[in-house]
Amino acid sequence: MTRDQSKGSAGRTEIPGSPPPELGDLVRAEDRLSFAYFEHCVITREDNAIAVTRDTGTIRLPAANLGVLMLGPGTTVSHQAMVVIGDNGASVVWVGERGVRMYAFGRPLTHSADLLQRQAALVSNTRKRLAVARAMYQMRFLNEDVSSCTMQQLRGREGARVRQVYRHWSELTGVAWDKRTYDHEDFDAGNEINKALSAAHTCLYGIAHSVIVALGCSPGLGFVHVGHERSFVYDVADLYKAEISIPVAFKTAAKQPDDIGSATRHAMRDAVYDLSLMRRMARDIPRLLGAPVSSSSDEDGGTLEFWDEKVGGVPAGRSYAGEEEEMS
């Protein structure tokens, strides 16, 4: 291409490829495909879709419909594929040895910082943070009142509840259960049920991360978990483990599949769809942060303002020169 061919009719240099989608054109977080997993393949871009090429052929997925793209060993991704994934707000999870190694994500599906500001304000105030943490535990203890419990008491109750859930599914499926043991660096070191649990939880973490980022929240500002870049991801995922990832893991292990990781991921995808998990997350997160569900809409363009210590915000995009004299 010559220099002149790279310019449009108005003389402006054009960027090759399809233009990024407008915010209003993006698919809402709760309506997206929960996750797709690929390994030993090459991923490239075709217009606003990604093309996944393997020995068996090529499949194409609209980037705007993706919630989480999980990339396993032997995967090569082109720069333009990552551009279109990022433009469409999908999360990318690199998976090595079937264990999460790194997260990356595109832009949120909203321009508004409302939920992020709410999250930061709540997590920075001890009393408000405790209230949100209690609300998270209340979602798991529907028939109990935890409004006066300390965090230590809540952790104790949660530990007992999770042990009971493991015992219940062990008895129901006939899968022997001892304790949760796993090696982040060696997936195959665990027994079959622990492998299934690791695979199921990995899917759940990826989905939670995707929805959190899509809503414009911070994955690192947790209320129960703290000190990790994905603290809020673990907070949100823990709300649904007993209902989704733990049952899926035990049911899959009971079938004794040849590839426990692959079978668990397929079962998780079905469970996420059947239980409308992404839709629920997209409603539960704003509610926990004290925001109306409508604030999670991808139609919310947000308003860019200058911060003001007295009124909160004043319009941006204008000059305030001379205002300091008027106020002196």
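Helix H1 (residues 79-87) lies across strand S2 (41-46), S3 and S6, at about 65 degrees to S2. Helices (H or I, at least four residues) and strands (E, at least two) are DSSP runs numbered from the N terminus. The angle is taken between axes, which are lines fitted to C-alpha atoms, for helices over the stretch in contact; such angles run from 0 to 180 degrees between N-to-C directions. This is a predicted model, in which local features need pLDDT of at least 70 and side-chain atom pairs count only at pLDDT 80 or more, whereas totals for chains, interfaces and linings use all residues. Residues are numbered from 1 along each chain as its sequence is written, and side-chain values use heavy atoms, with hydrogens and water left out.

**Helix H1**

- The buried residues of H1 are Ala-81, Val-84 and Ile-85; buried means under 20% relative accessible area, exposed over 50%, and partly exposed in between (1.4 Å probe, protein chains only).
- Viewed down the axis of H1, these buried residues fall within an arc of 100 degrees, so they line one face of the helix. The arc is that of the directions from the helix axis to the C-beta atoms.
- An α-helix has 3.6 residues a turn, so residues three or four places apart point the same way.
- Gly-89 follows H1 and has a positive phi, near 75 degrees.

- Four strands make up an open sheet with mixed pairing, in the order S4-S3-S2-S6. Two strands pair if DSSP finds at least two bridges between them.
- Strand S4 (57-62) and strand S6 (75-77) stand at the edges with a single partner strand each, so one side of each is left without a neighbour in the sheet.
- From one strand to the next, the twist averages 25 degrees.
- S2 and S3 run antiparallel and are joined by five bridges; Ile-43 has Val-52 in S3 as its bridge partner.
- Strand S3 (residues 49-54) also pairs with S4 in the antiparallel sense, over six bridges. Within this pairing, Thr-53 stands opposite Thr-58 in S4, and Ala-49 has Pro-62 in S4 as its bridge partner.
- S3 and S4 form a hairpin with two residues between them.

**Loops with positive phi**

- Most residues other than glycine have a negative phi.
- Asp-47 is not a glycine, yet its phi is positive, near 55 degrees. Asp-47 lies in the turn of the hairpin formed by S2 and S3, which has two residues between the strands.
- With a relative accessible area of 59%, Asp-47 is exposed.
- His-40, also not a glycine, has a positive phi of about 50 degrees. His-40 lies in the loop between strand S1 (36-38) and S2.
- His-40 is exposed, its relative accessible area being 53%.

**Annotated binding site**

- UniProt, in an unreviewed entry, places the feature "binding site" at Glu-158, His-225 and Asp-238. UniProt positions are given in the numbering used here, feature names are shortened, and annotations may be inferred rather than shown by experiment.
- These residues are spread over 81 residues of sequence but cluster in space, the largest C-alpha distance being 13.4 Å.
- Asp-238 is found in helix H6 (residues 231-238) and counts as buried, at 16% relative accessibility.
- Not counting residues up to four places away in sequence, Asp-238 touches Arg-140, Arg-161 and His-225; contact means heavy atoms within 4.5 Å.
- His-225 is found in the loop between helix H5 (192-214) and H6, and is partly exposed, with a relative accessible area of 26%.
- Leaving aside neighbours within four places in sequence, His-225 is in contact with Arg-129, Ser-231, Tyr-234, Asp-235 and Asp-238.

**The chain as a whole**

- The protein chain contains ten helices and ten strands.
- Of its 328 residues, 43% count as buried.
- Among contacts between residues at least 6 apart in sequence, 62% join residues at least 24 apart.
- The chain exposes about 17,600 Å², of which carbon and sulfur atoms supply 50%. Accessible areas come from the Shrake-Rupley method with a 1.4 Å probe, and for residues only the protein chains shown count as cover.
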